[in-house]
Structures are given as structure tokens and as C-alpha cells.
Amino acid sequence: MPELPEVEITARLVGAAVAGARVESTLAPGINAVKTFDPPLHALDGAAFVAEDPIVRRGKQFVLRFDNGLVVLLHLMSAGRLQLYGRRAGPRDRTSRVLWRLDDGRELRLREFGTKQAAWVKTLPGIEAVDAEESVATLGPEAWPDPPPFGPLLAHARPLHTLLRDQRVIAGIGRSWVDEILWQARLSPFKRGKDLSDAEADALRQASIESLGGAIDHYAATLSLPLPDRLPLPLKVHRRQGEPCPSCGEELKAVHYEDYTIAYCPLEQTDGKVLKDRRMSRLLK
Ligand SMILES: [Zn+2]
């Protein structure tokens, strides 16, 4: 669930708080989350977070930078959180995956909610190694703050809803923000990327920059540490099917899939057409 705005604000707030802080020890209660063994997790013990930009973002991933040259690449996947606490976690916190215990008593925690263990951490020998990792090397351009023109970028036969969430096409957008971006651009989630007019491609790029940037600004104005387990996402259409469209008042509709739901305004995005609800039509067969 954490997408570009949520990862960006976490990197900023947690990064500012850990700048220069020294790691005393590293623990991995969720050993499956650790995807590298050389350098070992404990190679960070005694190292300090660099003073400037100690946590940066690549798409939806975090890069933690240390003064001994090592870096940690971290992906929250759908249910992970990176949180900083003033005290150390008790052994009963089942959400703990990896703990970086700081020598001032604080603790940076990778936690994960739900039953799946999908979030992961890699300790790497340097920033070049991060850029060579497949999850980073295959990323498309960042969706914010200044993505390239969307016309050439999205010139594929796939629908916009799929293209915008494809990290290899454009990095940072997921299931929540894609609905907001398409709604703001007044485009159907099922329009094909290659069918965008120049004006539509420009509007979509602008909507992307404004939606993601607006969310980051909102978080910057409202959030402080410690970050809550659930960030209050300032969403206008996603998960709001059945409610009136904030722009035109029409009832927002949704198409349900096994893993996600597309919400949209039929009046402004699909020429008044209500799209087939695939979940319902499957149940009714
Ligand atoms: Zn509307």
C-alpha cells in the first residue's frame, strides 16, 4: 500500500531524525525478510547513518545510507512500515522484521502487518550496487517531481490503469494513487496508453505530478514522528465508490478485482458508462 508519497514522507521524516545516529546492533526477528548474507546484517553495527540524506527513495523503495559505505535497500511491499521508536521493541511484537538499534536507545524498525511476509531488506556494498539491483535497475522514470512526457512513455496497448502501476514504465504509483491521478485527468482507467491524445497525455502527466506532490505536501503539513501504523491517505475517489464525486456530484463507481478495486467517476471519466463489475459478473455466472 505505501506508494511514492508515503515512502517519500517517511524517508524525509525518519531520515531527518536518524541523520548521524549510530547503529549499536541489528536484529532480524523476521529472518526471511533479509535477502542478502554478504555483507552480513551485522556489518552495520557501529556504523552511523550519513548526516545528509541518510534515507532516500527509489520508486517505492528506501535506500538507507551509512558512513562505512554500506547501504540498505528496503521494500515495504504491500503491508510493511518503516518506523522509528524512542524505545526498543519487545519480543512480542510479531510485526517486527528487522530492527536497527541505535546507540541512543532509539530503534528503527521494519514492521509488517498481515500474514504475508513480503517486505524485504538487502544490505549492499554501495550505492552502485543498489543501482544494479533488478528492483532498481528496471524502474522507469520517477513519477514525481518531473517525469518525462507521458505520450511516448505510455505508448503501449495496455490500459492506463495497468501502465501507470507498472514500475518498469513509471516508478512510484500503485493502486491508491492511480485512481486519483486518472480521476483528476478525467481519463478512463481502461483507455489504452497508445490512444492518448497529446492534450490527454499532458493532462495525465500534470495530474500525476499534482496528485503525488499534493499528497506529499499534505503529509509534510500534518504528519510528525512517530508515524502512525496507518497513514491517513488524502484520497478523493479511491475506496470511495458509492459516494458523490467531489468534482461533479455523480456517484463514484468501482470495478472489483481479486487484489484491488478501481474507483472512477462515470460522468467525467467514462462518458457516462458504468463499467462492468467483473467480480459481480463472475459471481452471477
Ligand atoms: Zn465526477
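Strands β1 and β6 pair in the antiparallel sense over four bridges, where two strands pair if DSSP finds at least two bridges between them, and helices (H or I, at least four residues) and strands (E, at least two) are DSSP runs numbered from the N terminus. The model is predicted, with local features requiring pLDDT of at least 70 and side-chain atom pairs counted only at pLDDT 80 or more, whereas totals for chains, interfaces and linings use all residues. Residues are numbered from 1 along each chain as its sequence is written, and side-chain values use heavy atoms, with hydrogens and water left out.

Leu 99 stands opposite Arg 109 in β7. The hairpin of β6 and β7 has four residues between the strands, and Gly 105 there takes a positive phi near 95°. Strand β6 is mostly covered, as seven of its seven residues are buried; buried denotes under 20% relative accessible area, exposed over 50%, and partly exposed the range in between, with a 1.4 Å probe and protein chains only. In a regular strand the side chains alternate between the two faces of the sheet.

Arg 109 also takes part in a contact between a charge and a ring: its charged end sits over the ring of Tyr 85, 3.8 Å from the ring centre. The criterion is that NZ of Lys or CZ of Arg lies within 6 Å of the ring centre and within 35 degrees of the ring normal. The charged end of Lys 122 likewise sits over a ring, that of Trp 120, at 5.1 Å from its centre.

Among the buried residues are Leu 4, Val 7, Ile 9, Val 14 and Val 18. Just after α1, Gly 20 adopts a positive phi of about 80°.

Two aromatic pairs are found in a search of the whole structure. Rings of Phe, Tyr and Trp (its six-membered ring) pair if their centres lie within 6.5 Å, and planes under 30 degrees apart count as stacked, over 60 as edge-to-face and the rest as tilted. The rings of Phe 49 and Phe 66 have centres 4.5 Å apart and planes at 40°, so this pair is tilted. The pair links distant parts of the chain, 17 residues apart: Phe 49 belongs to the loop between β1 (23–27) and β2 (55–58), and Phe 66 to the loop between β3 (61–65) and β4 (71–75). Phe 49 is buried at a relative accessible area of 2%, and Phe 66 is buried at 3%. The rings of Tyr 257 and Tyr 260 form a stacked pair, with centres 4.9 Å apart and planes at 15°. Tyr 257 is partly exposed, with a relative accessible area of 24%.

The zinc ion is coordinated by Cys 245 (SG), Cys 248 (SG), Cys 265 (SG) and Glu 268 (OE), at 1.9 to 2.3 Å. Donors are N, O and S atoms within 2.8 Å of the metal (3.2 Å for Na, K and Ca); water is not among the atoms, so sites may look incomplete. The angles among the four donor atoms are 95 to 120°, and the site is tetrahedral, a term applied to four donors if all angles lie between 85 and 135 degrees. The donor residues follow the spacing C-x2-C-x16-C-x2-E in sequence. Cys 248, in the loop between α7 (198–222) and β9 (253–256), and Cys 265, in the loop between β10 (261–264) and α8 (266–269), link distant parts of the chain, 17 residues apart. Cys 248 is partly exposed at 33% relative accessible area, whereas Cys 265 is buried at 0%.

Several backbone features lie in loops. The peptide bond from Trp 144 to Pro 145 is cis, with omega near 5°, and Pro 145 lies in the loop between α3 (134–137) and α4 (150–153). A cis peptide bond also joins Leu 225 and Pro 226, with omega about -5°; Pro 226 is in the loop between α7 and β9. Arg 239 is placed in the loop between α7 and β9 and has a positive phi near 65°.

Terms used
Tetrahedral: all angles 85-135°; square planar, octahedral: opposite > 155°, others 65-115°.
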